[in-house]
Amino acid sequence: MNPQTDVRDVRDVRTTARKFVAATGREALRLVRESLGAEAIVLTHRATAQGVEIVAMAEGDVQETVQAAVPAVPAVAPVATASADPTVLSELHSMRGMIEEQLASVVWSDSQRRDPVRGRLLRTLLGAGFSARLSKAMLEKLPTGQSYADGMAFVRSELVRAVPVHEDEDALFAQGGVYALMGPTGVGKTTTTAKLAARCVMRFGADKLALVTTDSYRIGAYEQLRIYGQILNVPVHAVKDAADLQLVLHDLRDRHMVLIDTVGMSQRDRAVPEQIAMLGSSQRPVKRLLLLNATSHGDTLNEVVHAYRQGHALAGCIFTKVDEATHPGALIDTVIRHRLPVHYISGGQKVPENLLRADRVQLVDSVFQPRQHSPLFVPAEADLAEDVVPSVQAQGETDRLRLRYQSLIRAMAHDAQELATTAGALAGAHIGFDGARTLWRQAGDEAIDAKAVLHDLSAFARGEVAAGCDTHVLALAGQVGLRATDSGDAYVCHGSLLLSDRGGLPLAAPNQWLSTAAARQSAAPGLRQAQWLGQQDFGKRLVHVLGKPPAVEQMLAWQAEGTQWLARAPGSTAVTDVRTGTATTLARLAFAFDDATERAVRFRGKGALQCEAQVEVLPRGAIDRDAMPALRCVAVRVVDARSRKPLSQTCVLTNLGDEVSAPQLAQWQGWAADAEPCFRLLRDGVQLVGGMGEPGDPHMMKRLLVAGQVTTTVWRLLQAEGEWADRTRLLLGQLTGRATRAGRAMTGGALYAGVGKLFLLLDALGTESAAPAQAPRTLERQG
């Protein structure tokens with residue numbers, strides 16, 4: 001056969017295809033119909049600089065073209081590589097493909113014309129998001145002569161039979177293991193991980209589950225998962241590479257199930273195979289679940305599956321964002337073609353309600369439901385009252401979940417309005433709630449260092465002192481023992497609290513510092529804090545409240561600096577009576593009077609009588625009267641109101657002048673004694689914000705500062721009175737899963753844990769507190 005003749009024949013055939021150019025597509029089609037007839041076949045349709053270009057052929061030329069072009073290919077092929085123009089061959093093959101595609105379209109169009117029901121069913125499937133390939137393959141099996149209703153029933157049964165679903169959740173949980181949730185960015189991996197974790201916790205408890213994240217790129221990714229982990233009381237670990245993953249999974253070998261929240265990557269990202277290889281390199285098998293976004297186009301879903309299944313088989317998939325989908329058929333089409341079992345369906349932000357087990361019938365029915373609701377709609381409480389009633393199966397699944405997870409929902413996902421109301425009440429109570437919440441967020445923000453937090457604390461303290469104090473602010477020093485989380489090394493945290501001179505409640509904890517346990521007695525308690533506080537300006541006169549009198553040398557130094565202080569002193573303290581110049585003790589001197597005025601007070605919950613009296617003394621060893629003016633000793637005696645049996649006797653030494661009355665000094669010392677347990681509560685706070693680190697931890701001091709200030713808010717809430725306070729404490733107890741019993745006070749540690757979980761929930765829900773118009777005040781307290 002002559003190659004030149006073949007090429008000429010092909011070119012002759014190509015002359016039967018004509019090109020039409022017009023300003024618009026409609027005008028170009030009109031030219032085609034006028035020239036080639038109404039049955040002309042369009043080969044190409046494109047926009048050019050001259051307008052719209054259409055290449056078309058007359059219907060009668062199709063058979064001639066196929067007979068002339070198609071047989072020519074095998075005859076030309078053996079010699080074409082040597083002598084034929086490659087460009088001509090490429091065009092020939094391209095033209096053959098176009099012709100075959102056009103012929104297939106003609107055949108399918110004829111089939112639709114012969115069976116209109118089939119055409120209507122095709123349009124229905126395509127409109128629901130199914131691919132043309134799957135739709136045509138399914139309808140080819142449809143018997144002819146069916147009604148549209150019968151055809152839909154046939155399509156539905158075929159889809160129910162074909163869609164792969166993992167139906168045995170009990171077997172999934174019983175088997176356990178390590179599951180990695182994978183998928184592109186924004187598909188909802190972290191939220192779905194939390195939902196799945198909630199189901200695991202309710203199934204076999206928090207102690208058999210652990211969470212792992214490999215996402216060290218997205219800002220706040222670990223923090224978001226950590227929030228869910230703290231709500232569920234489940235540990236959360238962050239890993240950076242394959243070696244780190246090996247170590248973590250080895251440490252978690254006793255956990256029945258481990259869920260891994262992976263880095264979100266585009267399916268076209270070259271790092272996807274590396275991530276798959278990292279998970280596949282673990283000695284403990286990692287089963288991969290692919291998350292498919294219901295809002296994605298079918299081609300995108302197909303590309304995602306191809307990218308994430310390479311190297312190792314996928315265990316299954318989870319549909320996400322189904323409440324936002326408009327063409328859910330693409331999801332079912334994808335899993336049918338790839339034989340990818342569907343484990344769960346996720347839609348909405350509620351944890352764990354908006355995660356349902358996949359059901360074949362429900363999946364298929366949801367595709368063809370009316371569009372009053374989004375496809376694969378998961379009903380919530382507000383939707384149940386609408387006129388559109390969800391399917392019986394969806395309703396039953398929701399009710400089953402609500403009953404099964406009732407205790408968990410009550411403990412970790414209260415109604416958002418109730419949480420917002422509680423946050424508003426706390427913000428309006430003037431106990432530093434909003435400031436504490438801001439600091440809580442900073443505890444996990446690595447971009448904020450201890451210096452920045454210390455600056456914020458100083459500014460916050462000035463604001464609290466201005467609002468909560470009259471003339472003085474009381475500075476209470478204390479210390480608490482702490483241990484490093486991993487090594488168990490012992491430390492001592494030296495802290496300070498600023499108390500209101502109006503009500504005695506802690507307003508701020510502006511500074512903390514840390515020492516080793518061995519250096520605990522290296523300096524007198526409170527002296528370093530007193531020195532730092534003396535350099536600050538809080539807008540009120542500062543009074544240091546000490547647990548015991550300072551040494552005479554320190555008294556002299558403070559006197560020269562103008563530092564004011566008061567301290568509780570034992571009765572055995574040796575002093576000199578200023579009036580007589582005789583040496584004595586405070587017990588002999590201070591309680592040798594019987595003419596003080598008594599007033600009714602409450603002492604340890606019972607009625608009592610209290611009286612105060614004062615006398616001027618000099619500390620033993622103070623020789624220079626000019627350098628050491630006389631100190632005031634205020635003696636406080638409390639007796640039983642009926643029997644007059646002594647209940648308490650206290651001595652207070654101070655260098656404050658007569659501008660502060662003796663009863664006021666006694667009250668200040670009593671408030672300081674009441675606030676001392678606040679330092680022990682700081683230990684709970686440190687654990688809740690991340691625990692004690694090891695030497696070199698750059699954020700350890702920041703966590704101490706944050707825990708110290710949040711402790712003041714928790715303590716003030718613990719002491720608050722009123723219906724709002726009782727209601728708030730009850731809610732916080734429920735958040736911890738340890739509801740307060742009737743008539744039984746809530747412990748400080750439990751309340752601290754409740755406040756921490758409230759912070760986490762408010763952040764997870766995106767709720768901001770708003771103070772009510774008339775907020776309760778809690779700074780006032782009777783002495």
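The structure is a predicted model, in which local features need pLDDT of at least 70 and side-chain atom pairs count only at pLDDT 80 or more, while totals for chains, interfaces and linings use all residues. Residues are numbered from 1 along each chain as its sequence is written, and side-chain values use heavy atoms, with hydrogens and water left out. Helices (H or I, at least four residues) and strands (E, at least two) are DSSP runs numbered from the N terminus.

**Strand E4**
- All six of the six residues of E4 (residues 177–182) are buried, so the strand is largely enclosed by the rest of the structure; buried means under 20% relative accessible area (1.4 Å probe, protein chains only).
- In a regular strand the side chains alternate between the two faces of the sheet.
- Gly177, Tyr179 and Leu181 are buried on one side of E4, and Val178, Ala180 and Met182 on the other.
- E4 pairs with strand E7 (residues 257–261) in the parallel sense over five bridges; pairing requires at least two DSSP bridges between two strands.
- Glycine 177 has methionine 257 of E7 as its bridge partner.
- E4 also runs parallel to strand E8 (residues 286–293), joined by five bridges, with valine 178 opposite valine 286.

**Helix H10**
- Of the 16 residues of H10, 14 are buried, so the helix is largely enclosed by the rest of the structure.
- Glycine 205 follows H10 and has a positive phi, near 95 degrees.

**Glutamine 275**
- Glutamine 275 lies in helix H13 (residues 272–280) and is buried, with a relative accessible area of 5%.
- Beyond its neighbours within four places in sequence, glutamine 275 is in contact with Met182, Thr214, Thr262, Val263, Met265 and Tyr308, where contact means heavy atoms within 4.5 Å.

Technical notes. Buried < 20%, exposed > 50% of the residue type's maximum accessible area, 1.4 Å probe, protein only.
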